[in-house]
Amino acid sequence: MLVRHRNHIFMNENKSSLIIATAIIIAGALIASAVIYTDQNKQVVVAENNLDTTGTPQQEQPSVDNLTPVAESDHVRGDRNAPVMIVSYSDFECPFCKRFHNTMLQIMDEYGASGQVAWVFRHFPLEALHPVKARQAALATECAATLGGNDVFWQYVDRMSELSLANNRTDVPAVVAQINEELGIDDAAHTACMESSEADAAVQTDLENAIASGGKGTPWSILVGPDGAKYTINGAQPYESIKQLIELALN
Amino acid sequence: MLAGVRTVFSELRYATFAVIVAWFVFSLVVWWPNMSLLLQVATNASSFETVQFAFGLYGSIGTNFSVVSAVAVSLLSLLFGLNVALTTYLVRHKMPLFGGAATSTAGMVLAVFGVGCSACGSILLTGLLSSLGGAWLLVWLPYGGEEFLFLGVAILLYATLTLARQVSRPTTCAA
């Protein structure tokens, strides 16, 4: 009886040791892999996006200093000479971008009219996560700008953000047709634009700059203060945090 | 099992320790994507403003996480706090740990892989898969990789039960 009891304890201890060893091996392997791969490739999300138009990997070391200065070609909401610029890189199929879009609308309501803050919209379609649709939506808004100018671009972006179902579930052609009709954009011209290499190059330029400036996921934003100081904002941070950051930059 | 939990957390220091660890893990998960921003604010603003900003970032649990992953992250933090407190109790009382501590480590690591995916795949798993050319896999995972977070929470729950049972198990043979 005693021998059987001892054997039972011995088997239990063996089983537990096996569990410990297996768990340690799994944990160790996962941590090691994570460290190795994240060190090798800081631009985690967009490794598959991290290609130029010829498919050649970009070797540039990511840094917020690589942020392309705001230019005439940029889509700006508010005063272009505002002391605070928030450059946001966004993906229409990312649910967090939809939330951050609303946060930014709230920010512009408070700081846009007084000319304190301007919002710069750039594209960052995460094709690894949202294949085809994210880029299609980006192209649609880009072509709205080409055909209708800056104001139409922002109206298009607002509607696209409202109508997108996110997580690659949007019926992009249907949404595009609906917005085109609402904003009075010529469907044929818009389709031709979306198929053009110019529109694609504009989206690709934004995407590459998002990666070069340190973007790892969406939404990725950079707040540029009056003194040129850059604050990187990763993800859809709440309104209060953005507001506090703006106040900090302004003061 | 419940007796084990009661034994440990009836001592104020273990209950406090569990809460502190849970709060630390929760803060780490919420602040992690913007740690460099937090440091930048800390160097440019007053201590009060920095604390205010850090607390403001807690709001991102509602904006930067899906509802499911926000609940999972909260559970994860709580379970991790319980795990660490239970493990500390067992070690201090020279009781055998068996697989509990290792299982909780595995649970935490798996959960970390899932956490990043809640913010459109911004942390480990997506990077790992992308580097291996398997980012397409995320599209086919129904929860976009958050499965790892749920699995981590489940493993941590199992580890907590294992450790709690260990506390209530007698260390000497009954006569």
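Student: How many bridges join E2(A) to strand E4 (residues 220–224) of chain A, and do they run parallel or antiparallel?

Tutor: Two strands pair if DSSP finds at least two bridges between them. Here five bridges join E2(A) to E4(A), and the strands run antiparallel. Ile86(A) has Leu223(A) as its bridge partner in E4(A). Strands (E, at least two residues) and helices (H or I, at least four) are DSSP runs, numbered from the N terminus.

This is a predicted model: local features need pLDDT of at least 70, side-chain atom pairs count only at pLDDT 80 or more, and totals for chains, interfaces and linings use all residues. Residues are numbered from 1 along each chain as its sequence is written, chains are lettered from A and ligands numbered from 1 in the order written, and side-chain values use heavy atoms, without hydrogens and water.

Student: Which strand does E2(A) join by seven bridges?

Tutor: Strand E3 (residues 117–123) of chain A, running parallel to E2(A). Tyr89(A) has Arg122(A) as its bridge partner there. Between E2(A) and E3(A) the chain passes through helix H2 (residues 95–111) of chain A, in a right-handed β-α-β crossover. Right-handed means that, with the strands pointing away from the viewer, the path from the first strand over the helix to the second runs clockwise.

Student: Why is strand E2 of chain A largely enclosed?

Tutor: Check burial: buried is under 20% relative accessible area, exposed over 50%, partly exposed in between (1.4 Å probe, protein chains only). Seven of the seven residues of E2(A) (residues 84–90) are buried, so the rest of the structure largely encloses the strand. Val84(A), Ile86(A), Ser88(A) and Ser90(A) point one way, while Met85(A), Val87(A) and Tyr89(A) point the other.

Student: How many disulfides does the structure hold?

Tutor: A disulfide is a covalent bond between the sulfur atoms of two cysteines. The cut-off is sulfur atoms within 2.5 Å. The structure holds one over all chains. Cys143(A) and Cys193(A) form it, with sulfurs 2.2 Å apart. It links helix H3 (residues 133–148) to helix H6 (residues 187–194) of chain A, the two cysteines being 50 residues apart. Cys143(A) is buried at 0% relative accessibility, and Cys193(A) at 11%.

Student: Is Asn83(B) buried or exposed, and which side chain does it join in a polar contact of 2.6 Å?

Tutor: A polar contact is an N or O pair within 3.5 Å; within protein, one must be able to donate a hydrogen and the other to accept it, and sequence-adjacent residues count only if both atoms are side-chain atoms. Asn83(B) is buried, at 1% relative accessible area. The 2.6 Å contact joins its side chain to that of Thr160(B). A polar atom of the Asn83(B) side chain also lies 3.4 Å from the backbone oxygen of Leu156(B).
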